[in-house]
Amino acid sequence: MSDLPVVPRRRSWAEPWKVKVVEPVRMTTREHREAAMREAGWNTFLLRSEDVYIDLLTDSGTGAMSDSQWAGMMLGDEAYAGSRNFYNLWEAMTAHYGFKYLVPTHQGRGAENILSKALIKPGDFVPGNMYFTTTRLHQELAGGTFVDVIVPEAHDPRSELPFKGNIDLGALEAVIERVGAERIPYVCLHATVNMAGGQPVSLENARAVRELTARCGIPVYMDATRAVENAYFIQQREPGQGHKRVAEILLEFCALTDGCTMSGKKDPLVNIGGWLAMNDEKVYEEASNLVVVYEGLHTYGGMAGRDMEAMARGIGESVQDDHIRARIGQVEYLGAKLMEWGVPIVRPVGGHAVYLDARAIYPHIPQDQFPAQMLAAQLYLDSGLRAMERGIVSAGRDAATGDHHYPKLELVRLTIPRRVYTQAHMDVTAESVAAVYAERDGTPGLRMVHEPKYLRFFQARFEPLD
Ligand SMILES: *Cc1c(COP(=O)(O)O)cnc(C)c1O
């Protein structure tokens, strides 16, 4: 017998950081959680964060900043105009995203509002690879109509296509033919596609979209909130891209577009902030004028100087290969566990979240009894785990008919904050999902008892059906 240790064939990776500050979280009893859920109207958005053990509601603004970012906060130049941190942010954006002009905003939807107002006229159409809640709303409020041109596989949670976020070029061409290029102010390219499960867009597809739209003189604006994660998938999955650094791929991808909107709360590793970027000077002039009306002066756009500094530094950290590999590696770890246990999830696992297929988990609950909403509630009751509905409640109502939109995907999103939780938290999460899945048969649906007019998923209230 040898007492040499066994060297595993597959070596583990670990996070490229260590913990410097801890934030205690509260453990609760089932009784406590039942009372909290009732009070929250069976909507996880209405829970108090204090009552949550592992918070996977969103990866938006929930990440942990680095020591360098915190140090940068002390270097905030809070001048009303021309803060030095604004110029640092501009430089970081141009260095890593490659766009010429920067318009800061308080967060992503502020940028969407400005872009929509600057470019969309009433009666216009905006094709895009699947809707996003706030993006589509701002397009509609500006008088536009969103048209979904994502590949059909994106609506199939079982399709294993590596780039399920791609634009269907035939569908895009058909829209251009049907409504005319002059009524399309821009194509909205999401990379990755949040509502499809964090699915990426290939470099090849972005190039083809660029060629098609350039022929008709239509600009392409990207929703770049998770473009770094998208670049990582290109590195990992697209033939001929594996030798490049994520930062290189990101620049190459952005160069196929005319600008982007950004939520700093995602890839850029800050708790608040956003921006709009572009190469067209005329669009810049219009946007930096509008931003004064809605957000703040064009050198702060609703952010403090210290927030802009933290984001400038966060952008530099976010494009490091080690960071992004560990970030997406954690999501893949959780996804692999759930697949091993037979829980139906969207495949392949996306960049920022694991999406549970509520339609497959609760086939007995009709979609208008909100199966995903109920699944999210059950996870909370089981373990204090907070997740988010991404199904019929999030999809809202058809503006013309007043009926629900009935999305093909009825999902619950387990969203992983950046640099916050350990693998042990992922184990607890997977075990809680497995426990709820085991109890699936008797679970009833919900009835909506309060429905707000805009973005109803944030504030709607429900009651369980008997
Ligand atoms: C979060 C998000 C937005 C909106 O950004 P906010 O900072 O939350 O306003 C837009 N698009 C996508 C894809 C997002 O995930």
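A residue counts as buried under 20% relative accessible area, as exposed over 50%, and as partly exposed in between. That scale is used at several stops below. The model on screen is predicted.

**Stop 1: D403**

Select D403, which sits in the loop between α15 (392-395) and β12 (411-415). Its relative accessible area is 38%, so D403 is partly exposed. Show what surrounds D403: beyond its neighbours within four places in sequence, the contacts are R397 and D398.

**Stop 2: the ligand**

Move to the ligand and display its shell of 13 residues, of which R109, D223, R226, S263 and K266 come nearest. What is the make-up of the shell around the ligand in nonpolar, polar and charged residues? One residue is nonpolar, six are polar and six are charged. Now colour helix α4 (residues 108-119), which supplies three residues, the largest share of the shell.

- From G108, a polar backbone atom is 2.8 Å from a ligand oxygen.
- From R226, a polar side-chain atom is 2.8 Å from a ligand oxygen.
- From S263, a polar side-chain atom is 2.7 Å from a ligand oxygen.

Switch to a surface view of the ligand: on its own it has 380 Å² of accessible area, and the protein covers 96% of that.

**Stop 3: helix α11**

Select residues 305-318, helix α11. From first C-alpha to last, the 14 residues of α11 reach 20 Å, close to the 20 Å expected at 1.5 Å a residue. Why is α11 described as largely enclosed by the rest of the structure? Because 11 of its 14 residues are buried. Those buried residues are G305, D307, M308, E309, A310, M311, A312, G314, I315, E317 and S318. To see what they pack against, show α2 (67-73), α3 (84-97), α8 (227-237), β8 (274-278) and α12 (321-340).

**Stop 4: Q235 in helix α8**

Stay with α8, one of the elements packed against α11, and select Q235, which lies in this helix. Is Q235 buried or exposed? Its relative accessibility is 11%, so Q235 counts as buried. A polar atom of the Q235 side chain lies 2.9 Å from the backbone oxygen of K244. Apart from neighbours within four places in sequence, Q235 is in contact with Q241, G242, K244, R245, V246, I249 and D321.

**Stop 5: helix α7**

Next, select α7 (203-216). This helix has 14 residues and spans 20 Å between its end C-alpha atoms, close to the 20 Å expected. Its buried residues are L203, N205, A206, V209, L212 and T213. An α-helix has 3.6 residues a turn, so residues three or four places apart point the same way. The cover over the buried residues of α7 includes α6 (169-179), β5, β6 (220-223), α8 and α9 (246-254). Step just past the end of α7 to G217, where phi is positive at about 70 degrees.

**Stop 6: two cis peptide bonds**

The peptide bond joining A191 and T192 is cis, with omega about -5 degrees. For the other cis bond, select R347 and P348, where omega is near -10 degrees. P348 is in the loop between α12 and β9 (353-357).

**Stop 7**

Two residues complete the tour. Select M130, in the loop between β3 (125-128) and α5 (133-141). M130 is not a glycine, yet its phi is positive, about 75 degrees. With a relative accessibility of 4%, M130 counts as buried.

Then select L455, in the loop between β13 (446-450) and β14 (461-464). Here too phi is positive, about 40 degrees, although L455 is not a glycine. Where does L455 fall on the scale of accessible area? Its relative value is 21%, so L455 is partly exposed.

Definitions and conventions: Residues numbered from 1 in each chain as written. Predicted model: local features only at pLDDT ≥ 70, side-chain atom pairs only at ≥ 80, totals over all residues. Heavy atoms only, no water. Near = heavy atom within 4 Å. Polar contact = N/O pair within 3.5 Å; in protein donor to acceptor, adjacent residues only side chain to side chain. Areas by Shrake-Rupley, 256 points an atom, 1.4 Å probe, with all protein chains shown as cover. Helix = DSSP H or I, 4+ residues; strand = E, 2+ residues; numbered from the N terminus. Nonpolar A, V, L, I, M, F, W, Y, C, P; charged D, E, K, R; others polar. Expected span 1.5 Å × (residues − 1). Buried < 20%, exposed > 50% of the residue type's maximum accessible area, 1.4 Å probe, protein only. Contact = heavy atoms within 4.5 Å.
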